Amino acid sequence: CPRRKEDISAELAAQVDLWIDFSLPESFEKFIPKIAKYNKPIVSGTTGITEQQKLLLTQAAKTCPVLWSSNMSLGIAVLTEAMEAFKKIKHFDFQIEELHHIRKKDAPSGTANTLQQKLKSVIEKEIPAPLAIRGGGIFGIHKVWAMSEQEVITLEHHALNRRVFAEGAIFAGLKLSGKPAGLYGMKDVL
């Protein structure tokens with residue numbers, strides 16, 4: 001960990017085995033190109049990044065293994081994969097709903113946006129924007145609704161604390177170590 005935010009010393013960086021980034025988009029933009037030069041695995045959970053900033057991940061992945069995910073929870077990774085089953089009921093109505101604490105900056109959350117993209121690719125049609133609810137101290141609840149006139153299916157995930165994200169990032173980092181340079185997601189390390 002650098003002593004000053006704006007300075008990454010080569011001596012200190014040479015000792016790093018894995019970079020884990022949960023910064024703000026502005027910091028992400030400054031540090032991803034710098035830390036990629038050290039050819040060590042990078043795990044990033046920074047959300048709210050622009051398409052231009054996502055290109056920094058692609059560039060970094062040319063020299064080292066890079067994993068980016070809007071959510072490091074293993075449960076969200078499994079829920080995302082479970083959404084593949086919705087291919088069989090494309091004619092249903094769908095909605096994504098997410099709840100977070102009152103201090104959450106982005107709405108909808110990065111995870112809700114990722115789930116939205118995945119769902120649209122699975123059912124191959126447009127769906128309403130995710131519903132974002134903010135209140136209290138909720139760490140994170142994500143729901144994927146599939147609804148017909150006769151039945152409702154809900155895939156739901158509750159983060160009970162923030163530790164789940166830290167443990168997921170470490171799990172991903174350990175799985176990423178030893179992999180060749182490239183861009184990875186959580187499904188690649190499950």
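**Figure 1. The side chain of N71 and its polar partners.** In this predicted model, a polar atom of the N71 side chain lies 2.8 Å from the backbone nitrogen of S73. The side chain of N71 also makes a polar contact of 3.1 Å with the side chain of T111. N71 sits in the loop between β3 (65–68) and α4 (74–82). Its relative accessibility is 8%, and because buried means under 20%, N71 counts as buried. When neighbours within four places in sequence are left aside, the residues in contact with N71 are I76, T111, H142, F165 and M186.

**Figure 2. Helix α4, its cap and its buried face.** S73 caps the N-terminal end of α4, with a side-chain oxygen 3.1 Å from the backbone nitrogen of G75. Which residues of α4 are buried? They are I76, A77, L79 and T80. Seen down the axis of α4, these buried residues fall within an arc of 160 degrees, so they line one face of the helix. An α-helix has 3.6 residues a turn, so residues three or four places apart point the same way. The cover over the buried residues of α4 includes α5 (110–123), together with β6 (141–147) and β7 (152–158).

Figure 3. Helix α6 runs over residues 163–176 and has 14 residues. At 1.5 Å a residue the helix should span 20 Å, and its end C-alpha atoms are 20 Å apart, which agrees. The buried residues of α6 are F165, G168, A169, A172, G173 and L176. Viewed down the axis of α6, they fall within an arc of 135 degrees, so they line one face of the helix. The exposed residues R163 and L174 are on the face of α6 turned away from the buried side. Among the elements that cover the buried residues of α6 are the strands β1 (19–21), β2 (42–44), β3 and β8 (182–184). After α6 comes G178, which has a positive phi near 90 degrees. F165, one of the buried residues of α6, is also among the contacts of N71.

Figure 4. S23 lies in the loop between β1 and α2. A polar contact of 2.5 Å joins its side chain to the side chain of D21. Leaving aside neighbours within four places in sequence, S23 is in contact with F28 and T46. The C-alpha atoms of S23 and G45 are 7.9 Å apart, although 22 residues separate them along the chain. Is S23 buried, partly exposed or exposed? Its relative accessibility is 24%, so S23 counts as partly exposed.

Figure 5. Most residues other than glycine have a negative phi, and most peptide bonds are trans. The bond that joins A107 and P108 is cis, with omega about 0 degrees. P108 is in the loop between β4 (93–100) and α5. N39 is not a glycine, yet has a positive phi of about 55 degrees. N39 is found in the loop between α2 (25–36) and β2, and with 47% relative accessibility it counts as partly exposed. E124, also not a glycine, has a positive phi of about 55 degrees. The loop that holds E124 runs between α5 and β5 (131–134). At 59% relative accessibility, E124 counts as exposed.

**Figure 6. The whole chain, for orientation.** The chain has six helices and eight strands. Along the sequence they follow the pattern α-β-α-β-α-β-α-β-α-β-β-β-α-β. The C-alpha trace spans about 65 × 35 × 30 Å along its principal axes. For 190 residues, a compact globule would have a radius of gyration near 16 Å; the chain has 18 Å, which agrees. Buried residues make up 41% of the chain. Of the contacts between residues at least 6 apart in sequence, 70% join residues at least 24 apart. The accessible surface of the chain is about 10,700 Å², and 56% of this belongs to carbon and sulfur atoms.

Terms used
Residues are numbered from 1 along each chain as its sequence is written. This is a predicted model: local features need pLDDT of at least 70, side-chain atom pairs count only at pLDDT 80 or more; totals for chains, interfaces and linings use all residues. Side-chain values use heavy atoms; hydrogens and water are left out. Helices (H or I, at least four residues) and strands (E, at least two) are DSSP runs, numbered from the N terminus. Buried means under 20% relative accessible area, exposed over 50%, partly exposed in between (1.4 Å probe, protein chains only). A polar contact is a pair of N or O atoms within 3.5 Å; within protein, one must be able to donate a hydrogen and the other to accept it, and residues adjacent in sequence count only if both atoms are side-chain atoms. Contact means heavy atoms within 4.5 Å. The expected span of a helix is 1.5 Å times one less than its number of residues. The arc is that of the directions from the helix axis to the C-beta atoms. The radius of gyration is taken over C-alpha atoms; the globule rule is 2.2 Å times the number of residues to the power 0.38. Accessible areas come from the Shrake-Rupley method with a 1.4 Å probe; for residues, only the protein chains shown count as cover.
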